[in-house]
Amino acid sequence: MIYQAPSTLLGLAVKSLLRHEALAISVLQQLPTEFFPSLFKEAFKSRHMKILTAMVAEWPFSCLPVGALMQVPDLVILQAVLDGVDMMLAQKVHLRISKLQVLDLRNVHHVFWDVWPGTEYGESSKGTLGKEQTGNGPRYALRRLLKVVTDFDLRTHLDEEQAYLLQWSQQQKRFVQLRCMKMTIFETPMETIKMVLNSFQPYYIEELELCTSWTPEALSHFACCFGQMKNLHKLHLSCIYIYTNKAVNTLEDIEGKYIARFISQISKFKCLQHLSMNGTNFSSKHMKQLFRCLKSPLESLSIDFCEFSQSDLEHLCQCQRLFQLKHLNLFGIELFNAGPIPFQFLLENVTTTLQTLELEDCGIGDSQLSALMPALSQCIQLTRVNFYDNIISMSVLKDLLQSLANMSKITEEFYPAPLECYDDLGYVSVNKFVKVCPDLLNTLRVKRQPKTIYFATNICCKCLQRCVFDGKTRLCHCWS
């Protein structure tokens, strides 16, 4: 967080008020509106808790994005802010005429703090308060409730800030609606999840990251909560390993039904745009079910470190909900065990929309890449391509560069060092690497000047680095 001094006159007035706490609190109702942001940030920075509390109660704007000022959870600050909300509610002023409508506790950059003079807080992750949900969500008396917006990162137990916020929201549930925009569940006990979702209405969750080694039965128990998250835009499934007891057929059948019940909830997500799976292994039957359950066109799909059969690939490539993809990332997926036709079919259907294509370590060889080039050359929206860790010869790599030479929108390119850069044992031949990479770059420069381009070897098993050429040669630690 970068802190800059406020402008001179405003800064002097703010500092004067902070030196006289009682005076500052007593004049808040007469204070010009433009003083509030700068005074609040200075009080926040210098931890004047009483002033913070009083300012929340008198906040003259519809939104208070206090989370944007926090870099780490702070129970004392949270208590001071919520005490201010309590004061506002205790004033017995009907919320329809109260200025404050949204208390945003998310640690994301908010434009509100950029448009007022005074202290500035440096760059953080970008984020804006989501628009009011429409559709089939809860409809009761939304305008009478103060919305408290946050993200929730659930681990094995609640931290003290989370526990305090949930307890406070229960005490003020007649006047406050607690909304979670992004929820992460990491090995969290089911009892804790259900308790948390009693405070947060699942409908308003827009992003869910589920990282757990739950049994199929536990996934089935979660399915009810999962299916209520009907406004999900982003879903990330990580490290979900499905263990079934194949020695007992009846148990295996039951566990299969548990998994199917969990996956079937995805059919309720009509707003889903982004799906990623990392280290998540479902059977081919359940993977087929997953792609059939997609009800809205995806904008991005990412699959890393997953056991992926040829049948899974065929279901993926034939899924019409993927035909408007803008971003496709497949890492460590064997794409061509049964030939290039399935993936070629998918590429042909995303030529007008695809912007980023990541096919790292996907078992692509010369014949497979050659088969994909006609479709690749039609992907005119591409801005980023990554073919690292695939086994491609010098001649075919040149053909690839020439097929992409007219792609004027590409800003980032990552290509594997050609097969000729390795000896018979698979070790890097540095002399060949240093020689062939400039030749490859010149092949592209004949038609366009690449903005960011890398040619790189496989990762060295000793130093875990690559030899890289980006106009200059940088060898891994073992050679440098």
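**Exercise 1. Determine how many disulfides the structure holds, and describe the surroundings of Cys-467.**

Step 1. A disulfide is taken as a pair of cysteine sulfur atoms within 2.5 Å. By this criterion the structure holds 0 disulfides.

Step 2. Cys-467 takes part in no disulfide, and its nearest cysteine sulfur, that of Cys-476, lies 4.2 Å away.

Step 3. Burial is judged by relative accessible area: buried is under 20%, exposed is over 50%, and partly exposed is in between (1.4 Å probe, protein chains only). Cys-467 has a value of 2% and is therefore buried. Cys-63, at 12%, counts as buried as well.

A note on the basis of these values: this is a predicted model, in which local features need pLDDT of at least 70 and side-chain atom pairs count only at pLDDT 80 or more, while totals for chains, interfaces and linings use all residues. Residues are numbered from 1 along each chain as its sequence is written, and side-chain values use heavy atoms, with hydrogens and water left out.

**Exercise 2. Describe the second largest pocket by its volume and lining.**

Step 1. On a 1 Å grid over the protein atoms alone, a pocket is an open set of points where a 1.4 Å probe fits, with protein on both sides within 12 Å along at least five of seven lines. Grid points are joined across faces, edges and corners, and the volume is the space filled by probe spheres set on the points. For the second largest pocket this volume is about 310 Å³.

Step 2. Lining residues have an atom within 4 Å of a point. There are 16 of them here, and those closest to the centre of the pocket are Tyr-427, Val-428, Cys-460, Cys-461 and Trp-479.

Step 3. Sort the lining by class: Ala, Val, Leu, Ile, Met, Phe, Trp, Tyr, Cys and Pro are nonpolar, Asp, Glu, Lys and Arg are charged, and the others, Gly among them, are polar. The lining comprises 10 nonpolar, 4 polar and 2 charged residues.

**Exercise 3. State the number of salt bridges and locate the pairs Glu-207 with Lys-182 and Lys-398 with Asp-439.**

Step 1. A salt bridge requires a side-chain nitrogen of Lys or Arg within 4 Å of a carboxyl oxygen of Asp or Glu. The count is 11.

Step 2. In the pair of Glu-207 and Lys-182, the closest N and O atoms are 3.8 Å apart. Glu-207 belongs to strand E5 (residues 207-211) and Lys-182 to strand E4 (residues 176-186), so the bridge ties together parts 25 residues apart in sequence. Helices (H or I, at least four residues) and strands (E, at least two) are DSSP runs, numbered from the N terminus.

Step 3. Between Lys-398 and Asp-439 the closest N and O atoms are 3.1 Å apart. Lys-398 lies in helix H14 (residues 394-403) and Asp-439 in helix H15 (residues 430-445), so this pair ties together parts 41 residues apart in sequence. Lys-398 is partly exposed at 24%, as is Asp-439 at 33%.
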